[in-house]
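Let's take a walk through a protein model together. Have the sequence and the 3D view open, and follow along as we go.

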Amino acid sequence: LGDLLAAIRQTPEARQAELILAGGKRAPNPAAGRRQAISPIDGSAIGRVENADASALATLMQEAQAAAKLWSRRPVEERAARLDRAAQRLEAEAPRWLRLLQLEAGKTLDDAVAEWREAIDFLRYYAASARKAFGAAPKLPGPTGEDNRLHCHGRGVFVCISPWNFPLAIFLGQVAAALVSGNSVIAKPAEQTPLIAAEAVALLHKAGVPAGALCLAQGDGKIGAALVALPGVAGVAFTGSVEAAASINRALAAKDGPIAALIAETGGVNAMIVDATALPEQVADDVVASAFRSAGQRCSALRLLCLQEEVADKMLTMIAGAARELRVGDPRDIGVQIGPVIDADAKAALLAHIEAMRAQVQNGVIEHFAGEVGATAPAHGFYVAPHIFELASPADLKAEVFGPILHVVRYKAAELDLLLDAIEAKNFGLTLGVHSRIESTIGRILERRLAGNCYVNRNMIGAVVGTQPFGGFNLSGTGPKAGGPHYLQRFVVEQTVTINTAAVGGNVHLLNAID
Ligand code: UN1
């Protein structure tokens, strides 16, 4: 770890300056935009970052546009091969990526491994998808004497704005999808995880992605907003809060010129419904994993547990018992299951929520479980212990609480439809869990189409690329699903070419060769 720390301390500033330079321009006054990268494990500085200069973004866009013209004309195979090369390198360099994920994002080793694996999967999956979808354009049915084909081309410049909770996998997933589809990218990673982003960009550059085709603009939401507002943005891929997605949507709509594509993945107030036939041990395991793993910092995480009243007390006792076993502390300690939340603001907001819940006893709120931060947790880290609060009604949970705090409601079997109405009324639609051994109940719940990812009799996190395409609808996002067969389609424009072969038959092959 010492070596890694030394390496990180040396490189980010230089690399960031280099990356901004590669994008066209170095900030005229670098000191103004310089800041420290902080580890949530102990609040220490682990690197320095140079923020993008808002006044240089127009130049960055010009560079990215120029690069897009060349990059989009490279054969699909060449673009895909660069993703595969990056995947290979990422796989070979496991220790340093895992340590970086632990250090900058506060991940446990389990979570770091899962994310690193997911990042590799995204690179390979999108490379394979692009070969399949954008390789040779097959001849479409039509009259003789005519050649009809559908070609796909990159849209131009994509702005990719990614979150801190999957700083490697979601960052690389968005960027890889945009690149392999023939776009150039300006990436704006979360301000909490700049080092991982800078390293991921370097990985792709080393794998042969041209510097101008992938530019990095570090900074906070203001830089993101400035990027989105630039003329020339052909598309935005965004993962983060509902509020930020709405403001990006408004900003894109307010611009003159071509309509940009928006792919937004946001949050959810994700429910799990547990009926009286569910297996209690399994429920306890799955609830604890879904609500508390990754310190609850997944958009897929369980937020609202709905227990059929006959089994509620027993289930709560078992869940609290399982939660009591969780150790909260330094995620590098292999015996710890819950690491820190991402920063001081997140910790303060979660602690405020816990206090607000405790102040609502008169509204029927019951505190069923309050965990403790382990005695060995580093003093200046951002640790929040898991908590379980029962609410009087599902309507009492108004918004996504992004941390290890679980809310519970009881329901009567005869009022299942009312419960489903209440979940639907929240207007989210990301993940849903069901625990039941009655097929008709499962069917009745699934039939309501309450979420983009539904999990039956298992936990509700950790969607696998290519196996469980991930993403929601309504307030939870636009689709298409990440790691799914339709994702890349949103990154391209389609062009139908019809050729009268009697006149220029010889050109058909040439056209097909152009990507
Ligand atoms: C997110 O937390 O922003 O299924 C989305 C899962 C992950 C969630 C990623 N793919 O748990």
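Does N457 count as buried, partly exposed or exposed? N457 counts as partly exposed, because 15 C-beta neighbours lie inside 10 Å. Here's the rule: with C-beta atoms placed from the backbone, a residue is buried if 20 or more other C-beta atoms lie within 10 Å of its own, exposed if 12 or fewer, and partly exposed in between.

Before going on, two notes. Residues are numbered from 1 along each chain as its sequence is written. This is a predicted model, where local features need pLDDT of at least 70 and side-chain atom pairs count only at pLDDT 80 or more, while totals for chains, interfaces and linings use all residues.

Back to N457, which is found in the loop between β15 and β16. Helices (H or I, at least four residues) and strands (E, at least two) are DSSP runs, numbered from the N terminus. Phi of N457 is near 55°, a positive value in a residue other than glycine. R449, in the loop between α14 (439-446) and β15, has a positive phi too, near 50°. R449 is exposed, because it has 11 other C-beta atoms within 10 Å. Most residues other than glycine have a negative phi, and most peptide bonds are trans. With that in mind, look at the peptide bond from G479 to P480: it is cis, with omega near -10°. P480 sits in the loop between β15 and β16.

M460 also has its place in the loop between β15 (453-456) and β16 (492-500). M460 is buried, because 27 other C-beta atoms lie within 10 Å. Leaving out residues up to four places away in sequence, M460 touches N270, M272, S290, S300, L302, T431, G433 and Y455; contact means C-beta atoms, placed from the backbone, within 7 Å. T431 is 29 residues from M460 along the chain, yet their C-alpha atoms are separated by 6.9 Å.

Conventions
Contact = placed C-beta atoms within 7 Å.
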